[in-house]
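Trainee: I have a model open and would like to go through it with you. Could we begin with how its helices pack?

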Amino acid sequence: MDKSVIKTLLLAMCATLFAGSLIAYPQEAFDASIRGLTMWWEIVFPSLLPFFIVSEMLIGFGVVTFIGVLLEPLMRPLFKVPGVGGFVWAMGMASGYPSGAKLTARLRQERQLTKVEAERLVSFTNSSNPLFIFGAVSIGFFHNPNLGIILAIAHYAGNFCVGLIMRWHGKDHSKGIQHTNKVSLKTAIRALHRTRLKDKRPIGKLLGDAVTSSIQTLLMIGGFIILFSVINKLLYHMKITGIIANGMEKLFFILNIPEVFSIPYISGLFEITLGSQMTSQVQDVTLMFQAIVVSFILAFSGFSVQAQVASILAETDIRFFPFFIARIMHGTIAGLITLIIWKPVYEGLHFKEKPSHAVPVFGDVTLGWMGEILLFFSKYGPLITISFLLLYCFIYARKTDLFKR
C-alpha cells in the first residue's frame, strides 16, 4: 500500500478517535478547554502581545537591522548566524514561546536569514520566559522562589549549549563571504536608515499591521493551547497516558529516577504547564528529582508549543525537524545541568528548605515581583485581552472596508 494512503488512513483514524473521545468524555473535554482558555486569556495573550507588537515595529523601523550589524562579530563566530539573531535570542528569552519562531520566520521572509541560518537560529531562540519559570512554576506550583534560580540557569545555559551544537547544522554557504569582526556604529546607523526607507508604510499603517499580525498569531497560539489541553486530558481518561507511562517507568528505573514521575512526565510532553504542576504534586521524592523532570519538560516545551512553532514555520521554507531534535537535546542538557549544579548552587547557597504545599498560590505578599506580575495578569489579563481583541476587530473591519458595506 502506498505510504501516502497509509498516512491518510492514520490521520483519519486519529481524527475519528478524537471525535469519539469528545463524545465519550464531554465534561472532561469541556473542563480542559476552560483550563486552556483561562491560561491563554489571563496570562499568554496579555504577556506576549506587547512583545509581538514592539518586535514588528522594531523590524519595520530598522532597529533590528541596526542591532544585527552591531552583534555580527558576536553571533557569527558563536552560532554561525547573522547579528540579527542576537535580537531574536533576546526577545525569545524575554517573551517566551513561540516568539523566537515568529521572529525567525519574519526575518527569513525578509531574506535577512538563509534557510540553514534560520534553522540554526530557531533551534535555540525558543525558550520559556522568566515570568513563567519564576512566577508560575517556582512560586505558583512549588511555592519555592529559590528553585527558580536552578531552573533558569539550567534552561538558558542549556539553550546556549544547543546553539553551539546547532552551529554545525547544515552546510555553511557563507564561507566565501567576508564578515567583518569590527563593530561600526556608522555602518549600523546607515543600515537602519536604509531599512526604514525601504519600508514605505506610514507609521499608522505599520502600527496597525503590527497589531493585527500579533493578534492573529496569538489567536492561533490560543487554539493550540486549548486543543492540546483537551488532548492531554482525554488521553489520561482513556488510559493511554497510563499505558505509555508504564513503558517510561522502565527507562526511569535505568536512569535511577523515581517511577512515580512517569505520568507527570508524559503529561509534560504534551503541555508544559500541566506537566510542571503534576510534577510539583508528586509526594515522597526529593526536590532535586522534581527539578530535573521539570527542567526537561520546560526545555522540551511540549507538543503544544511545538505545534505552534510548526504552524509558524509552515509559512516559510524552514524545516521543523531540526527544531524538534534541538528540543530533545535541550531537554537532556537542561536535566544534566540541573543535576550538576544542584549541590553547588542550591544546597551550597543554603536553599534547602522547601515551603509547604499548603500555602495558597499568590497568597503570600513575600512572593516577590514575579508573583506580583502573575497576580496582576490574573486580575487584569482578561480586560487587556478583550480590549485588544476589540481593537483588532476595529482595525480588521477598516482594513477590509466592512464599514463601507
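Trainee: Is the crossing of H7 and H13 left-handed or right-handed?

Mentor: In this predicted model, H7 passes H13 in a right-handed crossing.

Trainee: At roughly what angle do their axes cross?

Mentor: The axes of H7, residues 130-141, and H13, residues 272-280, cross at roughly 35° and come within 9 Å.

Trainee: Which residues meet there?

Mentor: From H7, Phe132, Val137 and Phe141 take part, and they meet Ile272, Thr273, Ser276, Gln277 and Ser280 of H13. By type, the contact of H7 with H13 has four nonpolar residues, four polar and no charged.

Trainee: On to the core, then. Which residues touch the most other members of the largest nonpolar core?

Mentor: Val137 and Phe261 do, in a core of 71 residues. Helix H14, residues 287-300, gives this core its largest share, nine residues.

Trainee: What is Val137 in contact with, beyond its neighbours within four places in sequence?

Mentor: Val137 is in contact with Phe132, Phe142, Leu151, Ser276, Val294 and Leu298.

Trainee: And what does the second core include?

Mentor: That separate core has 17 residues, among them Met39, Val44, Leu48 and Leu49.

Trainee: A change of topic: where is Asn232 found, and why does it count as buried?

Mentor: Asn232 is found in helix H10, residues 203-237. Asn232 counts as buried because its relative accessibility is 3%, and buried means under 20%.

Trainee: Which residues is Asn232 in contact with, leaving aside neighbours within four places in sequence?

Mentor: Asn232 is in contact with Thr241, Ser267, Phe270, Glu271 and Leu274.

Note on methods: Residues numbered from 1 in each chain as written. Predicted model: local features only at pLDDT ≥ 70, side-chain atom pairs only at ≥ 80, totals over all residues. Heavy atoms only, no water. Axes fitted to C-alpha atoms, helices over the stretch in contact; angles between N-to-C directions. Helix = DSSP H or I, 4+ residues; strand = E, 2+ residues; numbered from the N terminus. Left-handed = near helix turned anticlockwise from the far one by under 90°. Contact = heavy atoms within 4.5 Å. Nonpolar A, V, L, I, M, F, W, Y, C, P; charged D, E, K, R; others polar. Core = buried A, V, L, I, M, F, W, Y, C linked by side-chain atoms within 4.5 Å. Buried < 20%, exposed > 50% of the residue type's maximum accessible area, 1.4 Å probe, protein only.
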